[in-house]
Amino acid sequence: MKKKAGNIINGDFTNKDILSLDQFSPNDLTKLFTLTNKMKKIAQKAKPSNILAGNIITLLFYEPSSRTFGSFAAAIKQLGGQTIEIQDPQHFSSVSKGETFEDTIRVFEAYSDAIVIRDKTVGQAQKVADAAFFVPIINAGDGIGEHPTQALLDMYTLYEKHNRLEGLTGVLAGDLLNGRTVHSLIRGLSLYKKNTLYLLSPKELQLSKEEHNAIKAKGVELITINSEKDMPKNADFWYWTRVQKERFTSVEAYEKVKNKFIVTEKLVKEYAGKDTIIMHPLPRVGEIDPAVDADPRAVYLRNEIRNGMYIRMALIALILGKA
Amino acid sequence: MKKKAGNIINGDFTNKDILSLDQFSPNDLTKLFTLTNKMKKIAQKAKPSNILAGNIITLLFYEPSSRTFGSFAAAIKQLGGQTIEIQDPQHFSSVSKGETFEDTIRVFEAYSDAIVIRDKTVGQAQKVADAAFFVPIINAGDGIGEHPTQALLDMYTLYEKHNRLEGLTGVLAGDLLNGRTVHSLIRGLSLYKKNTLYLLSPKELQLSKEEHNAIKAKGVELITINSEKDMPKNADFWYWTRVQKERFTSVEAYEKVKNKFIVTEKLVKEYAGKDTIIMHPLPRVGEIDPAVDADPRAVYLRNEIRNGMYIRMALIALILGKA
Amino acid sequence: MKKKAGNIINGDFTNKDILSLDQFSPNDLTKLFTLTNKMKKIAQKAKPSNILAGNIITLLFYEPSSRTFGSFAAAIKQLGGQTIEIQDPQHFSSVSKGETFEDTIRVFEAYSDAIVIRDKTVGQAQKVADAAFFVPIINAGDGIGEHPTQALLDMYTLYEKHNRLEGLTGVLAGDLLNGRTVHSLIRGLSLYKKNTLYLLSPKELQLSKEEHNAIKAKGVELITINSEKDMPKNADFWYWTRVQKERFTSVEAYEKVKNKFIVTEKLVKEYAGKDTIIMHPLPRVGEIDPAVDADPRAVYLRNEIRNGMYIRMALIALILGKA
């Protein structure tokens with residue numbers, strides 16, 4: 001069967017490439033999140049699932065990533081599916097012999113029912129999807145481009161807690177200029193009404209003017225703040241991000257801003273409410289004090305990691321027509 | 001059970017090492033290809049197979065190869081089997097601590113029902129087979145030596161299309177001196193009667209005199225040509241190969257001959273017939289114009305890759321006594 | 001469910017971290033070895049097992065090890081379980097981005113029912129167990145620290161042969177100073193009465209004074225010998241070990257002692273009895289002449305490797321409450 005490009009239409013995920021959060025309407029997200037709730041129950045049961053029995057999915061990771069790799073592998077195996085796991089294929093024979101990536105993709109689509117692709121280069125997942133004749137492609141991160149399953153798990157984590165994705169007030173902190181996950185989350189929330197986002201970042205790492213205006217035009221209220229003191233009390237969520245060392249040209253520039261804003265027990269005590277959830281896409285390198293981990297509102301280690309697996313279970317089952 | 005060396009006898013593949021195409025008689029090939037037809041149907045079904053349920057096969061790849069590795073992994077998992085996947089063991093502790101490869105092999109035969117071995121060194125698969133006490137060894141390529149499952153998939157691709165392996169006329173092009181796959185294919189076809197092969201290659205990469213004479217003695221008609229203009233019209237197949245950069249001592253020598261013969265739409269139009277299939281063992285690096293890919297006679301991307309998986313499914317099932 | 005630290009109590013392995021041989025009482029070992037006998041039968045059957053169906057176990061190997069890695073992978077898959085396989089995570093993105101290992105562990109415990117950890121650093125497995133909230137941790141070797149499943153397989157190999165672990169006479173040879181496995185075996189045997197161990201090693205590699213005294217205090221008779229000529233005849237077992245090149249600061253110092261004591265056919269003929277088993281934790285690099293391999297008393301290649309898989313099958317089934 002020929003796989004299908006473009007947006008999800010009328011909630012039909014079958015045989016769809018999943019490349020960007022932009023493919024999803026609010027209705028699609030509701031459908032996906034409802035199934036994710038079911039997947040959560042399946043994963044927590046001792047009884048094995050056979051939903052993907054007989055399915056093989058290739059994990060083709062040009063850029064290694066133990067977290068995302070493990071999450072996809074676990075999602076597939078939780079549903080009784082199998083994987084073909086290829087990491088760093090660029091160092092393997094065929095690719096190093098000068099094979100085009102298009103030919104590599106056609107090899108792996110011959111072996112499997114879907115390909116999960118991770119690459120360093122923005123736009124590579126789209127190119128892979130264009131090269132594949134038959135099987136759907138799932139983007140597991142293309143550099144600073146898209147990482148739709150991460151965005152979906154963030155959205156789902158909000159949905160799971162607050163049971164809605166509109167009328168939310170959140171604080172986004174850290175690297176708002178380069179952070180891929182934060183961009184996706186902002187864009188995702190812009191699909192819904194009456195959301196208010198406080199943006200807290202060092203001057204060098206603020207959301208770009210273009211992005212800022214584009215999101216504002218969609219109806220999200222954006223409030224730039226420069227200090228934790230300007231944070232709202234009792235927000236629905238905090239979304240903290242890592243200042244990415246690899247984006248800086250000098251160590252000094254990085255050191256200057258890296259730990260400007262840190263979640264501490266004190267900050268939580270002063271600004272968080274009882275329903276505020278504290279999120280982080282991980283990995284973190286100091287921007288959340290581990291003393292906060294034990295707080296039940298800290299969902300980054302507890303809920304988010306597992307939610308990533310559940311959402312991938314749901315998404316793959318939908319794409320392969322098994323749900 | 002002790003595994004068995006040597007040729008397949010009376011079509012009994014059980015517990016046999018598969019090291020070389022030379023172990024197969026035409027009858028063995030017919031048996032294998034008949035089962036491969038069935039495996040093709042199994043793989044195309046949504047229903048999972050349990051033919052290898054409970055079986056574990058070790059993939060021991062001293063030389064990484066994403067294509068062959070993925071094909072074996074997929075073949076095993078398509079049939080409900082499991083793999084132990086070890087890549088680059090020479091960089092791992094035991095081997096780097098000075099363990100002999102014989103001891104390494106004995107370790108993995110204790111864990112699994114068969115070992116698929118890939119190595120850089122000619123003859124290594126035979127040595128591995130000699131070291132193994134119990135389980136059958138499958139050669140997945142030993143340098144420029146043998147790569148029997150690749151040869152079998154090429155033969156099967158011809159059989160699938162023409163329903164016979166005798167009385168065929170083919171063009172073999174590219175590196176006929178070093179090309180492992182082309183040697184195997186020639187040898188395979190020499191088991192059958194009335195085959196005619198046109199050999200088209202740069203002078204530096206012609207079939208060796210010894211090989212040429214040995215094949216001729218077996219009754220294959222060999223016709224050396226120096227230009228595409230001497231190609232026969234309506235051949236049963238074209239088998240194009242890559243000029244392997246790694247065989248040359250200087251870049252200049254490689255550049256001089258690398259793209260001497262290229263399959264273009266024009267060449268196909270002028271020389272191919274409606275039943276000519278265009279084959280290539282992959283990877284390709286320019287010797288077939290991607291514009292040809294869409295031609296239904298171009299089987300290198302479409303049929304050959306999948307056939308590799310089907311033939312490995314059949315072979316492993318036969319060796320493990322499951323078919 | 002929260003996983004549990006500390007010793008096994010009343011034979012209850014459920015949800016226990018397995019970090020050290022010290023957690024096991026003789027009764028626990030008897031329970032484990034009885035189940036291991038059953039696992040041996042399961043593995044030897046053609047019929048697949050479903051004991052771990054629906055279970056996912058992460059193999060997190062910071063230090064690659066094809067033997068131990070393969071043994072755990074095979075054990076899990078023999079029982080119908082699935083693995084998430086992460087090798088060299090320190091070279092992967094999250095860890096290389098500065099993530100703490102505690103966060104890495106929390107990621108993988110979210111994906112799986114247990115984590116098998118291998119690391120270069122003594123004590124790291126304990127730290128991993130401390131970091132994990134929910135799932136049990138199995139130590140697959142932490143540098144020169146503990147490697148409990150290796151120790152258990154050695155003990156089981158003795159038990160399998162002699163049907164007891166007390167009143168045994170053994171020869172321990174090679175590197176008794178640094179050899180991790182030999183330390184564990186000595187400690188394991190010290191749980192039982194009336195064991196006598198002859199210690200044969202180059203002066204530079206003798207058991208440390210502290211260790212010697214500690215073991216003696218537990219009631220094991222220790223006899224230091226300096227020559228094969230002082231070995232007892234008809235011992236119950238010989239346990240030979242590799243002199244580890246990586247422990248020496250100069251090649252000369254290594255060369256001087258590396259092959260001081262070698263098991264040869266002559267030595268076996270003169271000193272071994274009909275029930276003496278010859279053991280080695282592998283890899284070996286010359287300290288046992290391959291000519292001895294064919295002797296039925298040489299269990300290092302035959303029984304020990306497989307016993308490692310059986311004991312890991314039993315241990316994982318017990319920890320996950322499936323036996």
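This is a predicted model: local features need pLDDT of at least 70, side-chain atom pairs count only at pLDDT 80 or more; totals for chains, interfaces and linings use all residues.

If we look at the residues themselves, 26 residues of chain C are in contact with 22 residues of chain B.

Which elements of chain C supply at least two residues each to the side that touches chain B? They are α2, which spans 66-78, β2, which spans 82-87, and α11, which spans 300-319. Of these, α2(C) gives the most, with 8 residues. Sorted by class, the side of chain C that touches chain B holds 11 nonpolar, 8 polar and 7 charged residues.

Now please turn to the other neighbour, chain A. Here 22 residues of chain C are in contact with 26 residues of chain A, and the area buried between chain C and chain A is about 2300 Å², with 57% of it given by carbon and sulfur atoms. The count of salt bridges between chain C and chain A is 3, and one of these brings together the side chains of E99(C) and R67(A), at 2.2 Å from N to O. The rule also finds 5 residue pairs in polar contact across the interface of chain C and chain A, both residues being at pLDDT 80 or more.

On the side of chain C that touches chain A, two or more residues come from each of β2, α3 (93-96) and α4 (101-111) of chain C. The largest share of that side belongs to α4(C), which contributes 7 residues, and the side as a whole divides into 10 nonpolar, 6 polar and 6 charged residues.

How are the copies related to one another? Chain C can be laid on chain B with an RMSD of 0.0 Å by a turn of 120° and a shift of 0.0 Å along the axis, which is the relation of a three-fold axis. In keeping with this, the copies use different surfaces, and 4% of the contact residues of chain C recur in chain B. Chain C can likewise be laid on chain A, again by a turn of 120° with a shift of 0.0 Å along the axis and an RMSD of 0.0 Å. For this second pair, only 5% of the interface residues of chain C are also interface residues in chain A, so the copies meet through different surfaces.

Finally, let us look inside one chain. The domain assignment divides chain A into domain 1, made of 21-147 together with 308-319, and domain 2, made of 148-305. The centres of domain 1 and domain 2 of chain A, taken over C-alpha atoms, are 26 Å apart, and the contact draws 28 residues from domain 1 and 23 residues from domain 2.

Between them, the two domains of chain A bury about 2400 Å², of which 61% is on carbon and sulfur atoms. Within domain 1 of chain A, the residues that lose the most area to domain 2 are L21(A), F33(A) and H147(A), which together make up 31% of what that side buries.

Across this interface of domain 1 and domain 2 of chain A there are 3 salt bridges, including the one in which the side chains of R187(A) and D22(A) meet at 3.1 Å, N to O. The rule finds 12 residue pairs in polar contact across the interface of the two domains, both residues at pLDDT 80 or more.

The elements that give two or more residues to the domain 1 side of this contact are α1 (26-44), α2 (66-78), β4 (137-142) and α11 (300-319) of chain A. Of that side, α1(A) gives the most, with 8 residues.

How values were computed
Residues are numbered from 1 along each chain as its sequence is written. Chains are lettered from A and ligands numbered from 1 in the order in which they are written. Side-chain values use heavy atoms; hydrogens and water are left out. Contact means heavy atoms within 4.5 Å. Helices (H or I, at least four residues) and strands (E, at least two) are DSSP runs, numbered from the N terminus. Ala, Val, Leu, Ile, Met, Phe, Trp, Tyr, Cys and Pro count as nonpolar, Asp, Glu, Lys and Arg as charged, and the others, Gly among them, as polar. Buried area is the accessible area (1.4 Å probe) that two parts lose on being put together, summed over both. A salt bridge is a side-chain nitrogen of Lys or Arg within 4 Å of a carboxyl oxygen of Asp or Glu. A polar contact is a pair of N or O atoms within 3.5 Å; within protein, one must be able to donate a hydrogen and the other to accept it, and residues adjacent in sequence count only if both atoms are side-chain atoms. Copies are superposed by least squares on the C-alpha atoms of residues with pLDDT of at least 70 in both. Domain bounds come from an automatic or database domain assignment.
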